[in-house]
Amino acid sequence: MSEQNTIQPSAQTVSEYLGIRSPKDVGAMPEKNIPALCQRLRRVLIDRTLQNGGHLASNLGVVELTVAIHRVFDAPTDHIVFDVGHQSYVHKLLTGRADAFDTLRMPGGISGFPRRDESEYDAFGTGHASTSLSAALGLAQAERLRGSDAYTVVVLGDGALTGGMIHEALNNCDRKLKLIIILNENEMSISKNVGHFAMLLTRLRTASGYLSTKSVLGKTLEHVPVLGKPVRKGLSQVKKGIKKVLYSNNYFEAMGLNYFGPADGNDERTVEQLLRSAKSKRGCSIIHLKTVKGKGYVPAETNPGDFHGLPKAGQKASAPTFSHVFGETLTQLARDNDKLCAITAAMPQGTGLSSFAAAHPSRFFDVGIAEEHAVTFAAGLAAGGYTPVVAIYSTFLQRSYDQIIHDVALQRLPVLFAIDRAGLNAADGLTHHGIFDVAFLSDVPGLEIIAPLTTDSLREHMQRLLSAPLTHSVAIRYPSGEDEGSLVDFYRCVKERAEGVFTDFDVQHPPKTIVVTYGRLTAAVLTAAESCGERPGILLLERLRPYGAVVDLLTELSARGVQKIVFCEEGILSGGEGMNLANALQARKDLASYPTIRILAIDAHERIPEPVTGQSAQDAAGIGVMDIIKAIQE
């Protein structure tokens, strides 16, 4: 498809342009019209995603696959589950959401991932990798228990096979379930796939000798005269023997699955035929498809990693991002420290570690989508005398909480956790809000938590921690994107009172109200402070734990006449920094009088608040500028 192709005239709605309002229209469409539908779907994806941002390459690769699923299966009676979910855009376009596609990943719009509360066609919410098959097993078992004939179809990329949950689920696949697993092999998760399962798929895909032999042998067997069951059984065993010689071991068949493929996943007719064959087969089946990530858009086909997640048009970073600064700094430090190692869970580009991988390949480890393994692997490296740096997104780190405690903290091993995408991430929504890490890490024994305000500060903390041998475990959390100008200017003006504790006021003569904050929310705090009649003092934290120095300073300020302390954070309320500091301050017995304490954080007890159209994520979470002003003044 030409990159210059434009989509439908603006007078048409997207659904009119596609000729699809529901999956029933897909099933009823004449076969000869399917290639045109696929071409139009690609045009919509390219046009809208380049303009509004989102996941492009992964969705371009599954156009024919998704169309075929909706032609063979009857959603929502049949369940369709997408692994990760960033490959579900075509599914959304075909299930009644085409005319809302312009609102994808926007406040009040449709999600960039499947969501059960958004559509009956989204059988299960999937924002993280490798969860799909376990969920699909549950759905399939539920249908079996109620005596239903409904099928469950799960679409997982080959990158998902690097995650342990997939194999745990495969180990529990009941052969009697009406479950069809589509393995979409494009040799990518977000970056290039690594490890033995990627090599296994390559062997399966390149075993063309077996496929051709199977075809010839199958036709021959069809014409053998009726010789009785014993002879037929013998011929079947001969077929299996040839298969074993040519194909070696097939992991999926060894698990008891009916195996179909490999086949061209960008050929809709072939995919549809395989799906119908699998549907007619008894028991669980796996269909192995080879697709091209970025199919139909040359730049995305050539560099799929660059077109995995796109920002809105005109929003590309003009300055180095936190991820970039992290990666470049670690690369430089590793030149003088041959003990430094870097670990990523399938995201060298997203975490900024591509430069480290190029400069220090023997000390760079991409473990695939396996965050739990990444942390324990790092613990082993640390026990072996090296200094591992584990770069993982905040919400992905949640998977490895047990390993952080059991394998790192309890053994007092020096591991540095680089926690990317900390804080609210509005476009990706609920599944990617990094608002839990401070709370769940705060009570990990011996763990230091750092929240640099700027990229320069991130660089300085890394140099402080990694220029000499690391002696303890550390978590450095930082947001996505680049520096905010107001925060850079503010950081240049504040004074460091203690290590990682900064003030913009005279400690000897403090204002009556102090606002304690950290991270990117500081920008909203600054705006709110300037809008108050009597400007409060701002106490900026970069070292969140241990917090003894902060409590000492707050105790001193209370003694000097501070009447109110407002804790503001872009994290959850329960167990967060504000709650911890407030509890520690109130436990001080040497305070003559306690100041009024107000904690402004995200109340996620019932649900994570979501923005409506025109609302920011901070405002929806109750921590926007007006909320801060109210907390200061009330």
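Visitor: Which residue lies over the face of Tyr386, and at what distance from the ring centre?
Guide: A charge sits over a ring if NZ of Lys or CZ of Arg is within 6 Å of the ring centre and within 35 degrees of the ring normal. This is a predicted model, in which local features need pLDDT of at least 70 and side-chain atom pairs count only at pLDDT 80 or more, while totals for chains, interfaces and linings use all residues. Residues are numbered from 1 along each chain as its sequence is written, and side-chain values use heavy atoms, with hydrogens and water left out. Over the face of Tyr386 lies Lys339, at 4.5 Å from the ring centre.

Visitor: How many aromatic pairs does a search of the whole structure find?
Guide: Rings of Phe, Tyr and Trp (its six-membered ring) pair if their centres lie within 6.5 Å, and planes under 30 degrees apart count as stacked, over 60 as edge-to-face and the rest as tilted. By that rule, the number of aromatic pairs found in the whole structure is 9.

Visitor: What is the angle between the planes of Phe322 and Tyr478?
Guide: Phe322 belongs to helix α15 and Tyr478 to the loop between β11 (474-477) and α22 (485-493), 156 residues apart; helices (H or I, at least four residues) and strands (E, at least two) are DSSP runs, numbered from the N terminus. The ring pair is stacked, with 6.3 Å centre to centre and an angle between the planes of 15 degrees.

Visitor: Is Phe322 buried or exposed, and what is its relative accessible area?
Guide: Buried means under 20% relative accessible area, exposed over 50%, and partly exposed in between (1.4 Å probe, protein chains only). Phe322 is therefore buried, with a relative accessible area of 1%.

Visitor: What covers the buried residues of α15?
Guide: The buried residues of α15 include Phe322, Val325, Phe326 and Leu330. Taking contact as heavy atoms within 4.5 Å, the elements that cover the buried residues include β6 (340-344), α16 (354-359), β8 (387-393), β9 (416-420) and α21 (455-466).

Visitor: Why is strand β17 described as largely enclosed by the rest of the structure?
Guide: Two strands pair if DSSP finds at least two bridges between them; β17 runs parallel to β14 (residues 513-517), with 4 bridges, and parallel to β18 (residues 596-602), with 6 bridges. Strand β17 (residues 564-572) is largely enclosed because its buried residues number 9 of the 9.
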